[in-house]
Amino acid sequence: MVKIKNLFSSESFWQLVRYGLIGILGLIIDNGIFYLLTKFGPNNGWLPYLYQFISGSCGVTNNFFWNSYANFKVKDHMWRRFIEYYLIGQTTTIFVWLMLLIFCTWLGFNVMWVKAIATIVATLAQFVVNKFVTFKK
């Protein structure tokens, strides 16, 4: 019981919770922009991958500022931190692209479901790397 109490009172636990909430906001922005682009833009060939890059970049940029100021509370070396955060975010964007390619293009699964599941996996990996690299004090 004490270990559970200690877990819920730890800073890392609450950073994960805030990271998740910020991630939900970024997911709404990312998926909203992705949906609008695929709904109203041309949707053939390589364009969904471009749309993923655009929507992912918007979500990553939003989340960086929220995580910097509201979650990890770091305000120094912002350009360096942003570049690291963005590169980590785009690395996971490549992961999502690969999932879209494999499961949508090759196997015919629904694009929004594949994107949602791949994004959850990518977000968990991002938290670990960002906590110990990008936002290290």
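At what angle do helix 4 and helix 5 pack, and how far apart are their axes? I found an angle of about 155° and axes 9 Å apart, for helix 4 at residues 78-106 and helix 5 at residues 111-134. Helices here are DSSP runs (H or I, at least four residues), numbered from the N terminus. Axes are lines fitted to C-alpha atoms over the stretch in contact, and angles run from 0 to 180 degrees between N-to-C directions.

I noted the pair as roughly antiparallel therefore (the term applies to angles over 145 degrees). The contact involves, among others, R81, E84 and Y85 of helix 4 and V111, V114 and K115 of helix 5; contact means heavy atoms within 4.5 Å. I sorted its residues into 15 nonpolar, six polar and three charged. Nonpolar covers Ala, Val, Leu, Ile, Met, Phe, Trp, Tyr, Cys and Pro, charged covers Asp, Glu, Lys and Arg, and the others, Gly among them, are polar.

A word on the source: this is a predicted model, where local features need pLDDT of at least 70, side-chain atom pairs count only at pLDDT 80 or more, and totals for chains, interfaces and linings use all residues. Residues are numbered from 1 along each chain as its sequence is written, and side-chain values use heavy atoms, with hydrogens and water left out.

Next I checked Q90, which sits in helix 4. Q90 is buried, at a relative accessible area of 10% (buried means under 20%, with a 1.4 Å probe and protein chains only). Leaving aside neighbours within four places in sequence, Q90 is in contact with F53, G56, S57 and V60.

Notes. Helices (H or I, at least four residues) and strands (E, at least two) are DSSP runs, numbered from the N terminus. Angles under 35 degrees count as roughly parallel, over 145 as roughly antiparallel, 65 to 115 as roughly perpendicular and the rest as oblique. Buried means under 20% relative accessible area, exposed over 50%, partly exposed in between (1.4 Å probe, protein chains only).
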